[in-house]
Amino acid sequence: MDLDPIHAALSETRFTDVRWVARTGSTNSDLLEAARQGAPEGIVEAADEQTAGRGRLDRSWEAPAGSSLLVSVLLRPSLAFDRVQLVSSAVGIAASEACAALAPVQPLLKWPNDLVVVGGARFEGRKLGGILAEAVLEAGRLQAVVVGLGLNVNWPEQLPPELDAIAVSLNHVVDETVDRARLLTELLLRLEHWYGLLVGGGDDGAAAVLRRYRELSATLGRTVRAELPDGDVEGEAVDVTGAGHLQVRQPSGELVEVTAGDVVHLRPAH
């Protein structure tokens with residue numbers, strides 16, 4: 001991969017150290033180790049192939065070599081701990097906007113960490129990508145956050161049977177090959193803006209990130225089922241809090257705040 005155009009486009013951002021490897025176990029694992037060794041904010045690692053890619057809840061993430069944008073970013077946000085989840089929100093926003101910049105599709109954000117296609121009957125609700133954020137803590141204090149994104153970009157026409165009904169790739173939606181290097185550049189340019197607002201804009205910056213997240217949400221306004229360790233919660237997803245948690249109003253009227261868990265969309269937004 002020719003990194004010169006990427007470096008040139010990002011020269012005025014915090015993301016000047018972009019690395020692209022052919023193969024690694026996990027870009028998140030690589031940057032978590034770098035963070036523990038004291039590496040600075042802004043390192044980006046992308047890979048053509050991961051042999052031990054991970055999603056949430058230790059699920060595996062597999063993709064054919066060269067088919068996806070597999071990238072992680074090392075960040076050291078000076079944020080109150082209850083706002084750290086918004087770092088993932090900023091990455092989701094940036095990913096959605098990057099896709100829209102290169103292709104005539106605007107993926108939406110399914111809480112807590114997925115990008116999905118909405119508004120096209122053929123691929124409605126299918127997963128385009130996912131985000132995994134992992135923190136580095138020392139003595140209970142946040143030292144760094146590594147955020148990984150796996151985005152299906154140029155997959156074969158026929159997906160594996162286990163993914164065929166639930167996933168999709170950008171090239172399937174737009175019916176053409178998408179340039180992964182340009183997509184990465186657009187992602188990081190937009191992340192510079194949204195992450196910059198989050199860490200440098202105080203309450204107003206965090207509010208702007210939340211406002212944009214709500215605009216791009218595929219979950220708000222829908223009837224959902226939140227699958228939690230101590231029992232499921234079903235109702236209407238009504239808001240995302242300042243900490244990035246999902247608020248679900250049950251039929252009884254009780255408002256439940258979901259901090260983590262899988263969410264199933266039961267009906268389209270109204």
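Asp114 counts as buried, at 14% relative accessibility, where buried means under 20% relative accessible area, exposed over 50% and partly exposed in between (1.4 Å probe, protein chains only). The side chain of Asp114 meets that of Lys127 in a salt bridge (3.3 Å, N to O), the term denoting a side-chain nitrogen of Lys or Arg within 4 Å of a carboxyl oxygen of Asp or Glu. This is a predicted model, in which local features need pLDDT of at least 70 and side-chain atom pairs count only at pLDDT 80 or more, while totals for chains, interfaces and linings use all residues. Residues are numbered from 1 along each chain as its sequence is written, and side-chain values use heavy atoms, with hydrogens and water left out.

**Salt bridges**

- The whole structure holds 14 salt bridges.
- Glu49 and Arg23 form a salt bridge through their side chains (3.4 Å, N to O). Glu49 lies in strand β2 (residues 43-50) and Arg23 in strand β1 (residues 17-24), so the pair ties together parts that are 26 residues apart in sequence; strands (E, at least two residues) and helices (H or I, at least four) are DSSP runs, numbered from the N terminus.
- Glu49 is partly exposed, at 24% relative accessible area, and Arg23 is exposed, at 57%.
- Glu215 and Arg212 also pair by their side chains (3.0 Å, N to O). Both residues lie in helix α6 (residues 202-215), three residues apart, about one turn of the helix.
- Glu215 counts as exposed at 52% relative accessibility, and Arg212 as buried at 19%.

**Cavities**

- There are two cavities of 30 Å³ or more. A cavity is a set of points, on a 1 Å grid over the protein atoms alone, where a 1.4 Å probe fits but cannot get out; lining residues have an atom within 4 Å of a point. Grid points are joined across faces, edges and corners, and a volume is the space filled by probe spheres set on the points.
- The largest cavity contains about 110 Å³ of space. Its lining has 13 residues, of which Ser88, Ser89, Pro112, Asn113 and Tyr213 are the closest to its centre.
- Helix α3 contributes four residues, the largest share of the lining of the largest cavity.
- The second largest cavity has a volume of about 30 Å³. Its lining residues include Val71, Val91 and Leu187, and β3 gives the largest share, three residues.

**Helix α3**

- Of the 18 residues of α3, 15 are buried, so this helix is largely enclosed by the rest of the structure.

Notes: On a 1 Å grid over the protein atoms alone, a cavity is a set of points where a 1.4 Å probe fits but cannot get out, and a pocket is an open set with protein on both sides within 12 Å along at least five of seven lines; lining residues have an atom within 4 Å of a point.
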